[in-house]
Amino acid sequence: MGMGPVDIGMPDDFLENQVGLGFGSGMTELLSTPLHALHVELGGKMVPFAGYELPVQYKTGIMAEHQHTRDKAGLFDVSHMGQVIVSGGSWEAVATAFETLVPMNVLDLGENRQRYGLFTDTAGGILDDLMFANRGDHLFVVVNAACKAQDIAHMKSVLEPELSVTPVTDRALLALQGPAAEKVLSGLAPEAAGMRFMDVATLSLDGVECWVSRSGYTGEDGYELSVPAEQAEALARTLLAHEDVLPIGLGARDSLRLEAGLCLYGHDIDTTTTPTEAALNWAIQKARRTGGERAGGFPGADVILPQLVEGAARKRVGLRPEGRAPMREGVEIFAAEGGGEAIGKITSGGFGPTVGGPVAMGYLPVDQSATGTTVYGELRGKRLPLVVTALPFVAANFKR
Amino acid sequence: MKYTEEHEWLMEEGELIVVGITEYAAEQLGDVVFVELPEEGTEVSKDDEVVVIESVKAASDILSPLDGEIVEVNSALTDNPGKVNEDPMGDAWFFKIKPSDLSPMEDYMDEAAYKDFIGD
C-alpha cells in the first residue's frame, strides 16, 4: 500500500509520522507538554506538531473522538499554543497600544471578556489569528503554536518598552469541549455554569487556580483552561475521571474545527489572505472601520479598510464534495467539468464525521462563490463536483 | 498467505489471488472513510495503483502486487468503507486478480517475515 501524499490540514512534519514512516532524519528536538506522560499512558499516538510531540488520536480513533466531543465532552491538550500577558499600564494604555497591532476593538472590550483577533501585516495579510482577553490590569493573549515566536517578537517590537510582553511558559492549556462541558466543569467550580460564551474568569478547579475562558475551537460549547504546568496532569486526570469525558487528539480537533467552519492558520489564512478574503469581516468591529471612532491605525489598514466596504476579488467558502471522496488541501478548483484554468484551491478538507461525508473550505472568485454554485475539484485527474455551502457545516452550540 | 512491503496480504483462491490490507496497515490508516475500486475486467501491471483508500487523516493507495486481470472487486467497501477497519484480514478484501505471472509471489513475505518487517 503506497502511503501517498496525505493531508489533514496539518504541517508536513505532522503527516510523515501518522502512517508509521518513522522520524525523518534531521528532525529537530521536539518539545513536550506537561501532559506528555499522560498521553502516552492513555495510548495516544504521538506525532510531531508545530515543534511539539502531541497525540493525533488515542485508542478510540479520530471518528469516535470527534463524535464523543459533539455528544458529550472531550479534553484536548493545547499546551503548545502560546500564552502571553501584555501589561505595564492601565487597561486603556494596554488596549490602545494593542490596537496598533490588530484591527479589532480592544479598548471597549469589557473586563473579563475575550475576543477573536488577527495580527495583520502592512500588505493587509494575516500574520496569525489569536484570542485576547481583558483581565483588568492586563491583556491575556493566546496565539498559534507555529507562530508564537514570531508573534511574541512582533508584540515586543511594537509594545515594548512602554509595556511588557511576557510569554507564560509555566502553564499548560487544556480545552474541555462539548455539550457536557458545563456539567463537568461546574462540578468542580459552580461559577463555570454562569459564564457566557467568551467570558473569562479565574476559577479554582480542584484546588488549582485556573484562567478559564468559555470558548474553544470545535463549534461546541466548552472552556479553555490555563493551568499551572505542575498541576495540569492532576487536573486532566480529574476531568477524565468524569464518565462523559474522553481525551481527544489533534485529528479530531481538526475535523471538529473544519465542520465548525473555523480557520486553521497557515492553511485557510496566512499572509496572502486578507480578512475580507477570509470571510472574517465579522471580526473587525465598527470602531476600527472607516467612519468609526478609531478607524484604521493597524498594519495594512489601507488595504483592509476599503475591502471591508467594497469586498475583495475572492472569498473563503465552504465546499461539499458531492461524492464520498474527501478533497483535501491543495485540490484545485475549476468552474467546469472540462477545460479552463483553475479558479481556486481547497485550503482545508477531509471527512466530516458529524456531517457524514466530505467537507472542505477553499477560496473562490466572489462571482462564483454564491451558496449552491457547483464547481469542480480535480482529484486524481478527475474533476468531481463540489457545491458551495454556507459555513459552518455543523451549527455552533455556544452558550451566548 | 503472503505479505508485501506495502502492507498487502495475498491469499490464493483457486487460480485467483485475493488482495487486502493488513491489520497493521488498517490501524495505521485509522478510520477509513472512502474506497475507490477498479473496474472488474481491468488489466493491470504489477505496481499499478489500483485502489484508493482515504482515512479520516490520510489518502493512500493499493498497488497491484501482480500482473493480471482484476476479475472481482468487493463493492461492499464502497458503501461501507469502515469495514476495512472492522475486518481487514477477512470481509474487507479489496479485489481478486487472475495473475498472468505468479513469479513475484516467491519474493513476498510469509507471516513470520512480515511480522518481523513491521517489528511486531
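In this predicted model, the side chains of Arg380(A) and Glu54(B) meet in a salt bridge, with 3.1 Å from N to O. This pair crosses between chains, since Arg380(A) belongs to the loop between β19 (374–379) and β20 (382–389) of chain A, while Glu54(B) is part of strand β6 (residues 49–55) of chain B. Arg380(A) is partly exposed, at 40% relative accessible area, whereas Glu54(B) is buried, at 2%.

Over all chains, a search of the whole structure finds 24 salt bridges, and the table lists three of them.

| Salt bridge | N to O distance |
|---|---|
| Arg380(A) and Glu54(B) | 3.1 Å |
| Arg314(A) and Glu277(A) | 3.4 Å |
| Glu13(B) and Lys96(B) | 3.0 Å |

Two other residues sit in loops. Glu160(A) is found between α5 (148–159) and β9 (164–167) of chain A, and a polar atom of its side chain lies 3.0 Å from the backbone nitrogen of Val165(A). Thr4(B), in the loop between β1 (2–3) and β2 (8–13) of chain B, is counted as buried because its relative accessible area is 4%, and its contacts include Leu10(B), Pro65(B) and Tyr108(B).

Terms used: Residues are numbered from 1 along each chain as its sequence is written. Chains are lettered from A and ligands numbered from 1 in the order in which they are written. This is a predicted model: local features need pLDDT of at least 70, side-chain atom pairs count only at pLDDT 80 or more; totals for chains, interfaces and linings use all residues. Side-chain values use heavy atoms; hydrogens and water are left out. Helices (H or I, at least four residues) and strands (E, at least two) are DSSP runs, numbered from the N terminus. Buried means under 20% relative accessible area, exposed over 50%, partly exposed in between (1.4 Å probe, protein chains only). Contact means heavy atoms within 4.5 Å. A polar contact is a pair of N or O atoms within 3.5 Å; within protein, one must be able to donate a hydrogen and the other to accept it, and residues adjacent in sequence count only if both atoms are side-chain atoms. A salt bridge is a side-chain nitrogen of Lys or Arg within 4 Å of a carboxyl oxygen of Asp or Glu. Lists of a residue's contacts leave out its neighbours within four places in sequence.
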